[in-house]
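Please consider the following numbered points alongside the model.

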Amino acid sequence: MSADRRWEARTLEGLAAFRAGRIEAAYAAWRSASAIGRAFAADDPRRAASRTHLALCHAAQGDAASARRAFRRALRAWEAAEAWVARMALPQRARSSGFHLRLQTKHPGAYDALARAEFARLLGAGRAAALAGCAHLARDPVAALEEAHAKRVAGLSWRDADCALICRALAGLRQEAGEDAAALDARSRAAAIERDPVRFGPERLSAAAGDGSPSDLRRLEAAVYLTPVVPRPR
């Protein structure tokens, strides 16, 4: 089994354990995935995801000092992954529409530039998981959560189910600060999402190539879709 598939398998194992509240089991699986990820490029987004996973475990166990250090490393890794996205192999896309044909004819390379911009926003949605996870440790948790929300919306959708979690956390903070109108707005945003959410998770991963070698797009999606968004109370 390739390192790509082993990383996904261990990461999925950790995700299932984390969601079940088995934090020690999650940490063990995610630590194993992180070790596997050392075979990847230093700026591979899956390495950023692994750092985020371990940081989430520290936060879940109440180890604020370790969580703070781990989240700092995770955020730096997500930032470094921007270079990886800039050089990633782009998937083949259907270009049969008149718009795409005219775009390619008049502006060679424009189509690829649009694709890279789209994938950069998707990467930002992964970074949002780290921002939301460490917001309770930040000097300005509201700003951290607002940034996380904006990145999830830009990279995925305003209907992303995890955006509702972020909005609920924001509502709590706004309420504590006596900002009733802002709290109501955040709760309203959460409720709108919860009426018709879109979930991004393991089931969203693109199919692997026939030869068993995943594409760079799948690698990016794996990093983003297998990293949970877990806002915590301050």
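1. Phe 18 touches Ile 23, Ala 26, Trp 30, Leu 56, Cys 57, Ala 60, Pro 228, Val 230 and Arg 232, leaving out residues up to four places away in sequence; contact here means heavy atoms within 4.5 Å. The model is a predicted one, in which local features need pLDDT of at least 70, side-chain atom pairs count only at pLDDT 80 or more, and totals for chains, interfaces and linings use all residues. Residues are numbered from 1 along each chain as its sequence is written, and side-chain values use heavy atoms, with hydrogens and water left out.

2. Two aromatic pairs are found in a search of the whole structure. In the pair formed by Phe 18 and Trp 30, the ring centres are 5.3 Å apart and the planes stand at 35 degrees, so this pair is tilted. Rings of Phe, Tyr and Trp (its six-membered ring) pair if their centres lie within 6.5 Å; planes under 30 degrees apart count as stacked, over 60 as edge-to-face and the rest as tilted. Because Phe 18 belongs to helix H1 (residues 3-19) and Trp 30 to helix H2 (residues 23-36), the pair ties together parts that are twelve residues apart in sequence. Helices (H or I, at least four residues) and strands (E, at least two) are DSSP runs, numbered from the N terminus. Both Phe 18 and Trp 30 are buried, where buried means under 20% relative accessible area, exposed over 50% and partly exposed in between (1.4 Å probe, protein chains only).

3. The largest nonpolar core has 63 residues, of which Trp 7, Phe 18, Phe 71 and Leu 220 touch the most other members. Such a core is a set of buried Ala, Val, Leu, Ile, Met, Phe, Trp, Tyr and Cys residues joined through side-chain atoms within 4.5 Å. The elements giving two or more residues to this core are H1, H2, H3, helix H4 (64-87), helix H6 (110-133), helix H7 (141-155), helix H8 (161-176) and helix H10 (216-225). H6 gives the most, with ten residues. A second, separate core of five residues includes Cys 163, Ala 164, Ala 190 and Ile 193.

4. His 53, in helix H3 (residues 45-60), is buried at a relative accessible area of 0%. Its side chain is joined to that of Thr 227 by a polar contact of 3.1 Å. A polar contact is a pair of N or O atoms within 3.5 Å; within protein, one must be able to donate a hydrogen and the other to accept it, and residues adjacent in sequence count only if both atoms are side-chain atoms. Residues up to four places away in sequence aside, His 53 touches Trp 7, Thr 11, Trp 30, Leu 226, Thr 227 and Pro 228.

5. Asp 4 lies in helix H1 and is buried, with a relative accessible area of 11%. A polar contact of 2.5 Å links its side chain to that of Arg 46. Beyond its neighbours within four places in sequence, Asp 4 is in contact with Phe 40, Arg 46, Pro 214 and Arg 219. Arg 46 also lies over the face of Phe 40, at 3.6 Å from the ring centre. The charged end of Arg 204 likewise sits over the ring of Phe 200, 4.5 Å from its centre. The criterion is NZ of Lys or CZ of Arg within 6 Å of the ring centre and within 35 degrees of the ring normal.

6. Glu 13 is also placed in helix H1 and counts as partly exposed, at 43% relative accessibility. Its side chain makes a polar contact of 2.5 Å with the side chain of Arg 10. The C-alpha atoms of Glu 13 and Ala 26 are separated by 7.2 Å, the two residues being 13 apart along the chain.

7. Pro 202 occupies the loop between helix H9 (180-195) and H10, and is partly exposed with a relative accessible area of 27%. Leaving out residues up to four places away in sequence, Pro 202 touches Leu 12, Leu 15, Tyr 225 and Leu 226.

8. Overall, the protein has ten helices and zero strands. Of its 234 residues, 46% count as buried. Among contacts between residues at least 6 apart in sequence, 66% join residues at least 24 apart.
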